[in-house]
Amino acid sequence: MQKIGVFVCWCGSNIAATVDVAKVIESVKAIPDVAFASDYRYMCSEGGQDLMQNAIREHGLTRVVVCACSPRMHEATFRKAAEAAGLNPFLLEIANIREQCSWVHKDKEVGTEKAIALAKAAIAKVRFNSPLQAGQSEVVKRALVIGGGIAGIQTALDIAEAGYKVDLVEKKPSIGGRMSQLDKTFPTLDCSACILTPKMVDVAAHPNVTIYTYSEIEKVSGYVGQFEVDIRKRARSVKADLCTGCGVCQDKCPSKKTPNEFNQGLDNRSAIYITFAQAVPKVPVIDREHCLKFQTGKCGICEKVCPSKAIDYTQEDEIITQKYGAIVLATGFETIDLTKFGEYQYGKSKDVITSLEFERLTNAAGPTEGHLQRMSDGKQPKHIVFVSCVGSRDVSGRGKEYCSKICCMYTAKQAMLTREKYPDTDVTVFYIDVRTPGKGFDEFYRRAVEEYNVHYIKGQVGKILEQGDHLLVYASDALSNSHISLEADMVVLATAIQPSQDAKKLATMLTASIDNNNFFTEAHAKLRPVESPTAGVFLSGVCQGPKDVPETVSQAGAAAVKVLGILSKDTLATNPCVASCNERICSGCLACENVCPYGAIGGEEKTVINLNGKREQRVVSVVNEALCQGCGACTVACPCGAMDLNGFSNKQITAEVDAIC
Amino acid sequence: MQVNEKEQAAEIVRRSGTDISKCMQCGKCTAACPAGYKMDIQPHRVVWELINEHVDVLQKAVTPWKCLSCFACAERCPRGVSPAALIESVRLSIIRQQGENCITVEEIPAYIDEKMPQQAIVAAFRKYNK
């Protein structure tokens, strides 16, 4: 017979306002095996924990049920307290009477009834709990950072500085990411490249950092402390150790008609190319799809002109397999596709551009060497219209429902810089709201209005027509209840941002979850914002949600600290709630092996004693406890009920259900 | 039956089937409207007046009679609001208040002949029946 102690928490008024706590106590006291029941205003407080520990000692409790908030909140707290009082922590169960009861009910009678039902279920389950021991698994002292933008660079640098090895994987030929494409950064207007490139050089030169550019993640297996990752290092067709980055190859390359991704397609690049002047590593790649040598077999000019004999047409993709203790996702963002926004004439008129294109257009290393000119005729625009919220806060299905967060500020920046450099250019900004929460942000926006005379109009652009050599913009001035039309030479669209296309693929590989918009979800929106729900996987930068450079850098540092928390340990306690196989009744069908998403189950030939007490040699399922994540898929798939999950056994679950029904 | 402005506004919104609480007053509807230049109350203001339960001002305006029902406003709205449907509903409220042109279910058979499209009868019934 068990001696069960039940503790019901008020959680201030969170629970007590909707659940009659006294009535719950009264009901559970009547249940056989319940030796002690008590309520307390805040069970998680020191007083509450003392109450529980004293009761365990005084009444010799063998099982404990705490009726309180979600186990995700305080299960660890209460189990630790129980352990300190000499009870195996896995002999304690939580009945969630807050999130799943008091918070969702308004009627006290209904809430109380449900709280009693949940308490009964937990009591029924805890009777069959068995003491479990957490195992240990080793930690590989190396981290992987996926994405080489400012988020990834900062995370890698912080981990490396703390003395641990880091591998930084970037899909593009150079690290630097979106920040390397920007001209200036708000609100201080420092040149983006001037503050980014030193960091790029630092990370590349750091002895603890290995950079894999032009590389992608191919496969991920394992678990926190022991991830095994295959990285596909794509063939550059250039030997990185010989190349000096002189650039003769790209100058002489005859195939120069490929849209230049770095300049957002505003100009063309050669087939062999270095992304940008400050690229790290400064080693070109051959874009085989557009290279004459690869497409026609004729050419080979780059090989002839290369003074270092670095060109190698025979290079092949390489797979690098490496083990890691923790992984950081820093995959960044891209702008959304604007084909559904026909009213703006984007893609039809060369003078309607996105904000990211405008950045390239005003950047000294851009297609116009920083001279603001129209892509159609090279003339300097005299009137520029900026449109905010293009595809942001859009629930119609054409755009994204969220606020892209950075657009208000970069639009103010672009408008201000235009007025600064070209005082004879008129600038109009159409906005829905101007959102400037941030240090020095609102002051910055007001400067654009007050000092630089940027015309801010609350309203949107409904239609743009090409008329002669200028654009006719139909818009509204919502505050003055009027319908306006004006002539512009250039229109800049503050396009919504979305997570990089690779996010979804990576989420599947890492079993990290993503939301409806493909942003990686954090383990807790407030208290665990840089952790993914998957142990050992952390988030850095825009892949988790829209953010600007300073916020990204802060989050990158936070993610690095979380990684260090793992790498600094030699071993990690494993979760003992894993699957186990009753070999006596296992038929060896291996249905479990097929459904296991972690590859934790395999068949093994063993000598087992069957149900008739006879020895026999046959195949049975064997669970690798280090790989098992305790999802329970195998227990459902098993046709003979041999598979069971420690801590959530079939017997325990059935008892819970029986107690409710 | 005399109804107050508040109830009337609620009825106009309900009948339109559009959720005005989604509106951010961005003015995209007005910017997209081909007839906006002839209106005294611009489409985004129609939504605004209904949010503030001002029906009188809308019923007296020329806007309901200038709207072409082209639905460009609804098409462009980033929030899924349809000013055109709201204006249509305001038009109905005017017609119905005049107490004219109302038909009842019993009267319908009298209107039916071979040349009358069925759709027109259904439309008339929906429009004119209280």
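Predicted model: local features only at pLDDT ≥ 70, side-chain atom pairs only at ≥ 80, totals over all residues.
Residues are numbered from 1 along each chain as its sequence is written, and chains are lettered from A in the order in which they are written.

Chain A holds an open sheet of 5 strands in the order β20-β27-β21-β22-β23, with parallel pairing. Strands are DSSP runs of E, at least two residues long, and helices are runs of H or I of at least four, numbered from the N terminus; two strands pair if DSSP finds at least two bridges between them. At the edges lie β20 (352-354) and β23 (455-458) of chain A, each pairing on one side only. β20(A) pairs with β27(A), residues 490-495, over 3 bridges in the parallel sense. In this pairing A:Ile353 is opposite A:Val492.

The cysteines come next. A disulfide is a covalent bond between the sulfur atoms of two cysteines; here the cut-off is a pair of cysteine sulfur atoms within 2.5 Å. The whole structure has 1 disulfide over all chains. It joins A:Cys191 and A:Cys194, with the sulfur atoms 2.4 Å apart. The torsion about their S-S bond is about 85°, so the disulfide is right-handed.

Buried means under 20% relative accessible area, exposed over 50%, and partly exposed in between (1.4 Å probe, protein chains only). A:Cys191 is partly exposed at 25%. A:Cys661 is exposed at 79%, and its sulfur is 17 Å from the closest cysteine sulfur, in A:Cys101, too far for a bond.

Definitions and conventions. Heavy atoms only, no water.
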